[in-house]
Amino acid sequence: MGKWSRRAFIGAGVTAGGALIVGVAVRQGNPIDELGPLLANGENEQLLNAWVKVDTDNVVTAVIPHVEMGQGVHTALAQMLADEMDADWNKVQILEAPADMQYVSDSIGRDFLFPNLQVPALLEPTVAGGILELAQAMGLQFTGGSYSVRATGQRAMRTAGAAAREMLVAAAASEWQVPESEITAADSMVIHARSGKSEPFAAFARAAAEQSLPAKPKLKSPDNYKIMGQPMARHDIPAKVDGSAIFGIDADVPGMKYAAVKAPPVIGATVESMNASTAKTMPGVLQILNMGDFVAVVADSYWLAQQALNSIDTRYSKTEGDGLDQDAIFARYAAALDEAGEDGGDTQTEAGDAVQSFAEAATKVEAEYTVPFLAHATMEPMNCTAWVRDGKCDVWSGHQAPVNARQAAADAAGLAFEDVTYHNGYLGGGFGRRSDNDAIIMATRIAKATGYPVKMIWSREEDTAQDHYRPSATSRFKGGLDKDGKLVSWDNIHTHLFDPADAPTVPYYNIASHKIRKVDVPMHLRFGPWRSVDHSQHGFFIESFVDEMADAAGKDGYAFRRELLAESPRHLKVLDTAAKMSGWGNALPEKHGRGIAFVPSFGSIVAQVAEVDMSGPKPKVTKVYVAADPGFVVNPDGFTAQMESGIVYGLTAALYGDITLKDGAVQQSNFHDYRMLRIDEMPEVEVALINGDHERLGGGGEPGLPPIAPAVTNAIFAATGKRIRALPIAKHDFA
Amino acid sequence: MLLLIRAAALSSLIVLAACGADPAPGPVEQIIVREPGAAAAVASAEAPADALLAEGKAAFANCTACHTLEEGAPNGVGPNLFGIVGAGAGEVAGFAYSDALKGSGITWTATELDSFIADPAAKIPGTTMVAGAIADAAKRQAVIAYIDSVTAN
């Protein structure tokens, strides 16, 4: 991956003339005026993203405004652009866009791509529907919400690619004096078959820049896709295999020193005093800082800084949270839910009369489920390198929202946004953790105090205990069946609502009366978006309760869900595919069980069937079958990997994930007490992909996760008759 | 790979971008032990007189990740090495040695130190000193001289 820096870019000797760049611009005065006030900083600013350039050597560079954290986004987005452009995939290069508001907010885009070019053609095709989503994702350069392919890719990369191709074709037509309709493009060549002429894109790049701008470039239909839908090899993999990939933690700044940090164990406390008499004498120590909300030691190496930090005796202020443990927090949740009763809380969706239909139901089921706090445990620990000097600041990290990180650093350094340069590396795991700015702010403050460049690395202990967590939560259900065992009443009330707002809802299930409410309860620890966010708990709550209702109806879990999805053929197909793959209904050995779960999220529909073996001392998940319909799969290999990794991450949490509190502080510290799934515990995963709607794409990063916990607990129920209503599974005894 | 982007997030960014917020607070307490590039205070007081000691001091960087050398400094991954030349193996108080080292019966003469630093595991199979070996004989000599000089001062 090309990493942007102005110096590196110029230094690479990129040609100063005769090249084409194409962008998708959003400007005041366009039909999409309503975006202006939302996105522009000032009245006269225009918003512009430039997405592709063609060099004189016929290399097509896709400029990707999203960060790579192992999800394969650089490759998938480049595929979308290259396909519409009819580019030669083997010659496509990838450049991550700089963390620069100017890049998205004024004409500097051209400066970034072509510092010396006089008047590049900045294309401004009007993007059709969904422009708001697009602009948000692009403008903020935010990578998350399983958003990149379905928003940026679908609406910007493809449009830019198609526009570039049309302009190249138009340029060739005028040069060759033939109608545009007779010209085709393939493998980065423009071709006129009748005359036998063909030339590389580069030959027309300059002329293309002078063509009028296609207002609405024609996008391909799926039967013409050549690169989209193919399992193209990931661009970032070779460097990750040979070790040359640069992650945030690999930042190497001449003269940099290292900082280790420790924040008060109880959130909200401050450092009252520190005794650093030993640390002062320890090898390599340069500075010892009490920053008020944390302590830092700066030393010649990270290890020496951490050793010295460990020797510091710190006193913290008292807080209201000092006495808390997780039982007290769950007791708070219970009290709030009790108080809400039948009508309290905030109603999210309601249809029919859930209270009355429950009262009249032939069979009534009530259940309460809980999930614990979860840490992100990214394999690359939190880190940030900063250098504040002479009214400027440089920051290096791996962040999901580079523009936000840059602003956070500016605020922490007391500088303007323009005075900060933010350098983004690969992210060694993001999962939402790297959308927070805490590490950026801490490192910038330390660097400001020292005046020289400092790389701050959190210890794993700090990483585990100072996360922004997936909230613990409680959810209560009342469900009613009519005399035929049909689900007619659904009443759910749960704690918290963060993102996405539809996570607790079940619009795809046909239930006559339903009511879904939430109550807000302080949860002591900080909230952080965690892979699939609220779906991570609601997938478990909803699909466990559906299973309980099926059981109460005396029906099979798969058959019961089929009835609920009877009017949604696209959903049904996904459910049926997973069931069929798994041989649903076939006999399993004794003490083995099969469980099914179905969770649409982030625009994709996913069903999973898990098989468990309960014959040993603890549950062993042996096999998972996945059927997924994200509309259209741009890269089947990458999408399959996302389903698999969603299962790794979700199964880790379902089996073991449990952040607990004692005296207000997180008790876990490292992988011995915050377990990851081991390779021998990883089930075999089989994935079937369904292209159900090529116009409305769904995401890949998150949707693989929510079904796994309930698929497994439902399988445990099938094998043992024991219903898991509180995660993690490891808390339960199966002896 | 998450977080849904909402209008709220968007507008808050723009607010931030528009007005420079106050800088985050600086240190409450800042202890500057030394400036980068300056020699460590303890070491500079005992600056080696000749080139051998200077080389030994530089070579001791191989050891600082695990060992302290100053009198009374705490044990790290390995024991404090103050006064090690001439001492018996496994005698530093409060350090959990391997049985292998503890039971080795070695007295740390310069020669014994030399073969240990050359290849700790060969000298004492089962030792938990798993890194820090120095292959270069001249460097070993220098580092031993340096360790001894610190003790002698």
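Predicted model: local features only at pLDDT ≥ 70, side-chain atom pairs only at ≥ 80, totals over all residues.
The cavity is lined by 26 residues, of which Gln71(A), Val149(A), Gln642(A), Gly700(A) and Gly701(A) are the closest to its centre, where a lining residue has an atom within 4 Å of a point. Domain 1 (6-221 + 235-241) and domain 3 (341-373 + 469-731) of chain A each supply at least three residues to this lining, the domain bounds coming from an automatic or database domain assignment.

The largest nonpolar core contains 68 residues, a core being a set of buried Ala, Val, Leu, Ile, Met, Phe, Trp, Tyr and Cys residues joined through side-chain atoms within 4.5 Å, with buried meaning under 20% relative accessible area for a 1.4 Å probe and protein chains only. Trp490(A), Tyr509(A), Phe598(A), Val712(A) and Ile729(A) have the most contacts inside this core. Another core, of 42 residues, lies apart from it and includes Leu81(A) and Trp176(A).

Residues are numbered from 1 along each chain as its sequence is written, while chains are lettered from A and ligands numbered from 1 in the order in which they are written. Local features need pLDDT of at least 70, side-chain atom pairs count only at pLDDT 80 or more, and totals for chains, interfaces and linings use all residues, while side-chain values use heavy atoms, with hydrogens and water left out.

Key:
Buried < 20%, exposed > 50% of the residue type's maximum accessible area, 1.4 Å probe, protein only. 1 Å grid on protein atoms, 1.4 Å probe; cavity = no way out; pocket = protein on both sides within 12 Å on 5 of 7 lines; lining within 4 Å.
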